[in-house]
Amino acid sequence: MSDEELRRLLAEGTQVPPDEKRLAEIRALLTSRLTPVRALPSNPFLITVSLAGFVLICLLATMYGGHGGWHVLSPFQSIVYFGVFLSLAILFSIAIVEQVIPGAPRRVRPGWLLAGAALLLVALIPVLFERFSFNRFVESGIPCLEFGTVCAAIGGALGFLLIRKGFLTTPLQAAVLTGCFAGLAGVTALALVCPQLNAPHILVWHFGTMAIGTAAGALIGQVVEWRMARNED
Amino acid sequence: MDERPAGEVEVLMSRYQQADGEATATLIGRLSPQIFQFFLAQVRDRSLAEDLLQDFWLRVHKARHTFRTGEPLLPWMFAIARRTKVDQYRRNRNIKSHEFQVEQIPDVVSREPERKDTPALADLLETLPAAQRETIWLLKVSGLSLEEVARATGSSVGAVKQRAHRAYEKLRKIFGEQA
């Protein structure tokens, strides 16, 4: 089959118009509900708002828990550790904003970002933290996980405010990204507050916050998907 | 296929955002045939496609603030149309599970076809996987560019090219067997 034949065949498929009566109903339905709306602000503005929320959570965390973590890190550790957190925060903000605008170009792929973030953070541990001990592992870890989860929950609530401004065509992806981003806020807050430089502690109890955030996001995303499919949104 | 007016629908959309009733009615008239055909190609049921069209416009109304002036309208519209279709598919999945079984058994390629010089478009597209069918439809029938299809489907231009290439190869093969 030549391309020309195929094109002709495909063009023939455009001959069926919708029912005029139904179109009139739709016109009547929409025009009866018309109110002026203001278009969403630009992506850079939304990304800035998202990052401001991230920084706000970190500030609140240090106001409440101090900056013990910041003081025990060497300059090299601080630059690499917080540099990675900030870079990931920017990428997550971009990815989330792209999710809430239908038909927006997707510069950051959610799957790649999630996988890349997980690998990067795990790879950071042996580079930055040499101490490896399981002494009082659980007792010292639970308070960190609690603190990080509270920070992530606040981040998640702020993230929800952001994504509800848009219109989700991929609710699951948007919710997972928002949950992971909220978890990242919790991890960053813990890095600022917690003075422990023990590799297993950071891997499990700090980064666990991100896993919890991602899982919570996935759960919420599934519920939203389910509700949208039932036309309950 | 209708020539897509450059920028005209985007202007209508901006006026729709400002609650201009006339522009809203015109926009519905201009875009509904295209969107309706997109649904019809997927569901192959006129009544269901019209329901989907109404559902689609209600969603557009709800999401109209997310359209920004200066952006192309069609990827925005088709992203919402895709979501409408996905939700309908999920809604019906449990209710009409027998339709799944029917879909899986016959294969248009392998069954004994009626000899026709030109296969019906719908039959032809039915042989393609859903993602390829959608891509071919958006590219060749709705007239979206590769970039616009990538935006509407949330995938990369490379992925769209690959899907279109595979779909074309498959259609050529099927047509060759039927002719």
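**Close-up views of a predicted two-chain model**

**Figure 1. Salt bridges between chain A and chain B.** Three salt bridges are counted between chain A and chain B in this model, which is predicted. One of the salt bridges across this contact is formed by D51(B) with R22(A), whose closest N and O atoms lie 2.9 Å apart. As a general point, side chains of opposite charge can pair when their charged atoms come close.

**Figure 2. The interface of chain A and chain B.** To the contact, chain A contributes 56 residues and chain B contributes 58 residues. The area buried between the two chains is about 5000 Å², and carbon and sulfur atoms give 63% of it. Across the interface of chain A and chain B, 20 residue pairs are found in polar contact, with both residues of each pair at pLDDT 80 or more. On the side of chain A that touches chain B, at least two residues each are supplied by α1 (3–12), α2 (20–31), α3 (43–65) and α9 (199–229) of chain A. Among the elements of this side, α2(A) gives the most, with eight residues. Sorted by class, the side of chain A that touches chain B holds 28 nonpolar, twelve polar and 16 charged residues.

**Figure 3. Packing of α3(A) against α8(A).** Helix α8 of chain A, residues 171–193, packs with α3(A) at an angle of about 35°, and the axes of the two helices are 9 Å apart. The crossing in which α3(A) passes α8(A) is right-handed. From α3(A), the residues S50(A), F54(A), I57(A), C58(A), A61(A), T62(A) and G65(A) meet F181(A), L184(A), A185(A), T188(A), A189(A), L192(A) and V193(A) of α8(A). The residues of this contact divide into ten nonpolar and four polar, with no charged residue among them.

**Figure 4. A salt bridge within chain B.** Over all chains, the count comes to 14 salt bridges. One of the salt bridges joins D87(B) with R59(B), the closest N and O atoms of the pair being 2.7 Å apart. Because D87(B) lies in helix α4 (residues 73–95) of chain B and R59(B) in helix α3 (residues 46–63) of chain B, the pair ties together parts that are 28 residues apart in sequence.

**Figure 5. Positive phi in two loops.** Most residues other than glycine have a negative phi. R136(A), although not a glycine, has a positive phi of about 50°, and this residue is found in the loop between α6 (110–128) and α7 (137–163) of chain A. In chain B, A19(B) is likewise not a glycine and has a positive phi of about 70°; A19(B) lies in the loop that runs between α1 (8–17) and α2 (21–43) of chain B.

Methods
Residues are numbered from 1 along each chain as its sequence is written. Chains are lettered from A and ligands numbered from 1 in the order in which they are written. Side-chain values use heavy atoms; hydrogens and water are left out. Contact means heavy atoms within 4.5 Å. Buried area is the accessible area (1.4 Å probe) that two parts lose on being put together, summed over both. A salt bridge is a side-chain nitrogen of Lys or Arg within 4 Å of a carboxyl oxygen of Asp or Glu. A polar contact is a pair of N or O atoms within 3.5 Å; within protein, one must be able to donate a hydrogen and the other to accept it, and residues adjacent in sequence count only if both atoms are side-chain atoms. Helices (H or I, at least four residues) and strands (E, at least two) are DSSP runs, numbered from the N terminus. Ala, Val, Leu, Ile, Met, Phe, Trp, Tyr, Cys and Pro count as nonpolar, Asp, Glu, Lys and Arg as charged, and the others, Gly among them, as polar. Axes are lines fitted to C-alpha atoms, for helices over the stretch in contact, and angles run from 0 to 180 degrees between N-to-C directions. A crossing is left-handed if the near helix is turned anticlockwise from the far one by less than a right angle, and right-handed if clockwise.
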